[in-house]
Amino acid sequence: MMSLRACGFIVFRRLVGCNPPPGNIEYLLLQTSYGEHHWTPPKGHVDPGEDDLTTALRETKEEAGLGPEQLQIIDGFVQELRYEVRGRPKEVLYWLAELKNPETAVTLSNEHQDYRWAQLEEACKLTGYKDLQETLRAAHRHLEAQQH
């Protein structure tokens, strides 16, 4: 049975002149306009013939209006989540990217009804999924390690 495959980005921004790092980091979460209105980073299904990173970039552009030129992909981080959706295995790959200009506006598609920039703990509360919380924490640890 083919597993469903989706790819996306954990997008973060660093706020200037407020908390010292890493407390100046906020993560972008989008709230779906369907189903249980859950909060996730931008992500979506891989199109036939498309490679994973291309999917992640395309979906982030479609769902949040943020294109490759606005993002700085962080080296050395990719996280894979595996779970079941209605009895089918699903894989989600997340890369990590910084929004180069923290003032850049997010533009939602009709798939989402709201978005939020949240610090780590609030982001973990919003997502509610243990795997996604662990992914956010792993991203945060990766960024903390880079600051040293």
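Helix α2 (residues 120-127) and helix α3 (residues 130-147) approach each other with axes that come within 9 Å and cross at roughly 160°. Axes here are lines fitted to C-alpha atoms, for helices over the stretch in contact, with angles running from 0 to 180 degrees between N-to-C directions. The two helices are therefore roughly antiparallel to each other, a term applied to angles over 145 degrees. The crossing of α2 and α3 is right-handed, that is, the near helix is turned clockwise from the far one by less than a right angle.

This is a predicted model, in which local features need pLDDT of at least 70 and side-chain atom pairs count only at pLDDT 80 or more, while totals for chains, interfaces and linings use all residues. Residues are numbered from 1 along each chain as its sequence is written, and side-chain values use heavy atoms, with hydrogens and water left out.

At the contact (heavy atoms within 4.5 Å), Leu120, Glu121, Ala123, Cys124 and Thr127 of α2 meet Leu132, Gln133, Leu136, Arg137 and His140 of α3. By class, five of these residues are nonpolar, three polar and two charged.

The chain contains three helices and seven strands, assigned as DSSP runs (helices H or I, at least four residues; strands E, at least two). From the N terminus on, their order is β-β-β-β-α-β-β-β-α-α. Along its principal axes the C-alpha trace spans about 50 × 30 × 25 Å. Buried residues (under 20% relative accessible area, 1.4 Å probe, protein chains only) make up 44% of the 148 residues. Among contacts with a separation of 6 or more, 69% join residues 24 or more positions apart.

How values were computed: Angles under 35 degrees count as roughly parallel, over 145 as roughly antiparallel, 65 to 115 as roughly perpendicular and the rest as oblique. Ala, Val, Leu, Ile, Met, Phe, Trp, Tyr, Cys and Pro count as nonpolar, Asp, Glu, Lys and Arg as charged, and the others, Gly among them, as polar. Buried means under 20% relative accessible area, exposed over 50%, partly exposed in between (1.4 Å probe, protein chains only).
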